[in-house]
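I opened this notebook to record what I looked up in one protein model. The entries run from the chain as a whole to single residues.

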Amino acid sequence: MEDGQTMAEQQEKRSEQPKPQYVYILRCSDDTLYTGWTTDLDHRVAVHNSGKGAKYTRSRRPVELVYHEEYSDKIEAQRRERAIKKLSRAEKEKLIAE
């Protein structure tokens with residue numbers, strides 16, 4: 001145990017640390033792009049591929065994660081998601097290629 005902390009105190013301290021927030025782009029089976037945000041990329045992609053994710057991706061499986069950005073703040077991640085959604089297809093493809 002660190003610095004005389006109990007195990008419960010250590011667990012509470014870890015739970016207080018903010019989870020990383022991810023903005024992501026998926027390439028769907030019909031070659032369309034889907035943008036979203038999450039705190040767990042692997043789980044979210046699995047949910048999309050299971051057919052229980054966004055309505056848009058349900059009929060476009062399988063999906064592939066082609067791009068992501070990490071943020072420490074949920075609001076910033078959501079702002080970036082909205083900004084990416086406003087990009088043209090060509091701009092999104094350029095972002096993915098970089």
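**Entry 1: the chain as a whole**

I note at the outset that the model is predicted. I looked up the secondary structure and found five helices and three strands in the protein chain. Along the sequence, the elements follow the pattern α-β-β-α-α-β-α-α.

I then looked up burial: the protein chain has 98 residues, of which 32% count as buried.

Among contacts in the protein chain with a separation of 6 or more, 52% are between residues 24 or more positions apart.

**Entry 2: salt bridges**

R27 forms a salt bridge with D31, with the closest N and O atoms 3.1 Å apart. R27 also forms a salt bridge with E93, and here the closest N and O atoms are 3.0 Å apart. This second pair links distant parts of the chain, 66 residues apart: E93 belongs to helix α5 (residues 89-97) and R27 to strand β1 (residues 21-27).

E93 forms a further salt bridge with R89, the closest N and O atoms being 2.9 Å apart. E93 and R89 are four residues apart in helix α5, so about one helical turn separates them.

Taken together, R27, D31, R89 and E93 are linked in a network of salt bridges.

**Entry 3: exposure within the network**

Is R27 buried or exposed? Its relative accessible area is 19%, and R27 is therefore buried, since the cut-off for buried is under 20%.

I checked the other members of the network in turn. E93 has a relative accessible area of 25% and is partly exposed. R89 is partly exposed as well, at 37%. D31 is partly exposed, with a value of 39%.

**Entry 4: E81**

I looked up E81, which lies in helix α4 (residues 74-85). E81 has a relative accessible area of 12%, so E81 counts as buried.

Which residues does E81 touch, leaving aside those up to four places away in sequence? I listed V23, T35, G36 and W37.

**Entry 5: backbone features**

As background, I noted that most residues other than glycine have a negative phi, and that most peptide bonds are trans. I looked for departures from each.

What is the phi of D31? Phi of D31 is near 70°, a positive value in a residue other than glycine. D31 is found in the loop between β1 and β2 (33-38). I noted again that D31 forms a salt bridge with R27, which itself lies in strand β1.

The peptide bond from R61 to P62 is cis, with omega near 0°. P62 lies in the loop between α3 (55-58) and β3 (64-71).

**Entry 6: summary**

I close with the points to keep at hand. The salt-bridge network comprises R27, D31, R89 and E93, and its R27 is buried. E81 in helix α4 is buried too. D31 has a positive phi, and the bond from R61 to P62 is cis.

Notes. Residues numbered from 1 in each chain as written. Predicted model: local features only at pLDDT ≥ 70, side-chain atom pairs only at ≥ 80, totals over all residues. Heavy atoms only, no water. Helix = DSSP H or I, 4+ residues; strand = E, 2+ residues; numbered from the N terminus. Buried < 20%, exposed > 50% of the residue type's maximum accessible area, 1.4 Å probe, protein only. Contact = heavy atoms within 4.5 Å. Salt bridge = Lys/Arg side-chain N within 4 Å of Asp/Glu carboxyl O.
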